[in-house]
Amino acid sequence: MEQCFIALMGSALTIAILGFVGYIFRSWIIVRLKASIKHEYDLEILEVQRQKDIRLKSEIVSELLAQWIRKNGKIDYHELNKLSFQAFMWLPKDIADELSNSLIQKPNSQDLRVLIKNIRTYLQGTDDGFKSKDVIVFNEPDRHTSFNTSRVTSEAITKPKPIK
């Protein structure tokens, strides 16, 4: 009888230990799954924030360059300065130097399209093969008439032409 009792206690103890190990293992799996799902969501949130940052920075540079090449209408120098300062805050030195040289129309400075392509590559973190010649610039007519026409260019032309 005593052996039966010991065997029964041993079996009960084994079942209790296996149950405890099973409970711990189940809890560990649940915690790991939750952590994995949270990690995936965190990565997605970071990517969304990165895309927003790229869009904001792209808008700053785009607006700066569009204002800078404006021919007709009132040029808002306050806005140009604001956009220029914003761009220089985050651009890396080499691209900031390219932008600066282009804005002051330094001889042999980067063409507007090359500059846009270089900034695009920097923001995306990779060169996806987009060519600077594919950037389209709408040239404003020299003067306003009742019938305005504008040329569209896609070949690299210094815009505006450097002062000689």
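Where does Gln105 lie? Gln105 sits in the loop between helix 3 (93-103) and helix 4. This briefing covers that loop, then a pocket, a surface patch and salt bridges. The model is predicted.

- Most residues other than glycine have a negative phi.
- Gln105 has a positive phi, near 55°, though it is a residue other than glycine.
- Asn108 also belongs to the loop between helix 3 and helix 4.
- Phi of Asn108 is positive too, near 65°, again in a residue other than glycine.
- Is Gln105 buried or exposed? Gln105 has a relative accessible area of 17%, so it counts as buried, the cut-off being under 20%.
- Asn108 has a relative accessible area of 82%, so it counts as exposed, the cut-off being over 50%.

**The largest pocket**

- Rolling a probe the size of a water molecule over the atoms shows where empty space is left.
- What is the volume of the largest pocket? The value is about 390 Å³.
- The lining of this pocket has 20 residues. The closest to the pocket centre are Val61, Ser62, Leu65, Ile116 and Val135.
- Helix 1 (2-68), helix 4 (112-124) and strand 1 (137-139) each give at least two residues to the lining.
- How do the lining residues divide? There are 13 nonpolar, three polar and four charged residues.

**A nonpolar patch on the surface**

- Six names make up this patch: Leu13, Ile17, Phe20, Val21, Tyr23 and Ile24.
- Together these residues have about 630 Å² of accessible area.
- Val21, one of the patch residues, has its place in helix 1.
- Val21 has 47% relative accessibility, so it counts as partly exposed.

**Salt bridges**

- Side chains of opposite charge can pair when their charged atoms come close.
- How many salt bridges are there? The count comes to eight. Three of them are described below, beginning with a pair in helix 1.

*Arg50 and Glu47*

- The side chains of Arg50 and Glu47 form a salt bridge, at 3.2 Å from N to O.
- Both residues lie in helix 1. They are three residues apart, about one turn of the helix.
- Arg50 is partly exposed, because its relative accessible area is 36%.
- Glu47 is partly exposed, with a relative accessible area of 36%.

*Lys117 and Asp127*

- A salt bridge joins the side chains of Lys117 and Asp127, at 3.0 Å from N to O.
- This pair links distant parts of the chain, ten residues apart. Lys117 is in helix 4, and Asp127 is in the loop between helix 4 and strand 1.
- Is Lys117 buried or exposed? Lys117 has a relative accessible area of 16%, so it is buried.

*Arg120 and Asp128*

- Which residue forms a salt bridge with Arg120? The partner is Asp128, and the closest N and O atoms are 2.9 Å apart.
- Arg120 has 28% relative accessibility, so it counts as partly exposed.
- Asp128 has 43% relative accessibility, so it also counts as partly exposed.

How values were computed: Residues are numbered from 1 along each chain as its sequence is written. This is a predicted model: local features need pLDDT of at least 70, side-chain atom pairs count only at pLDDT 80 or more; totals for chains, interfaces and linings use all residues. Side-chain values use heavy atoms; hydrogens and water are left out. On a 1 Å grid over the protein atoms alone, a cavity is a set of points where a 1.4 Å probe fits but cannot get out, and a pocket is an open set with protein on both sides within 12 Å along at least five of seven lines; lining residues have an atom within 4 Å of a point. Grid points are joined across faces, edges and corners, and a volume is the space filled by probe spheres set on the points. Helices (H or I, at least four residues) and strands (E, at least two) are DSSP runs, numbered from the N terminus. Ala, Val, Leu, Ile, Met, Phe, Trp, Tyr, Cys and Pro count as nonpolar, Asp, Glu, Lys and Arg as charged, and the others, Gly among them, as polar. Patches are made of residues with over 30% relative accessible area and no salt bridge: like charges are joined within 9 Å, nonpolar side chains (Val, Leu, Ile, Met, Phe, Trp, Tyr) within 5 Å. Accessible areas come from the Shrake-Rupley method with a 1.4 Å probe; for residues, only the protein chains shown count as cover. A salt bridge is a side-chain nitrogen of Lys or Arg within 4 Å of a carboxyl oxygen of Asp or Glu. Buried means under 20% relative accessible area, exposed over 50%, partly exposed in between (1.4 Å probe, protein chains only).
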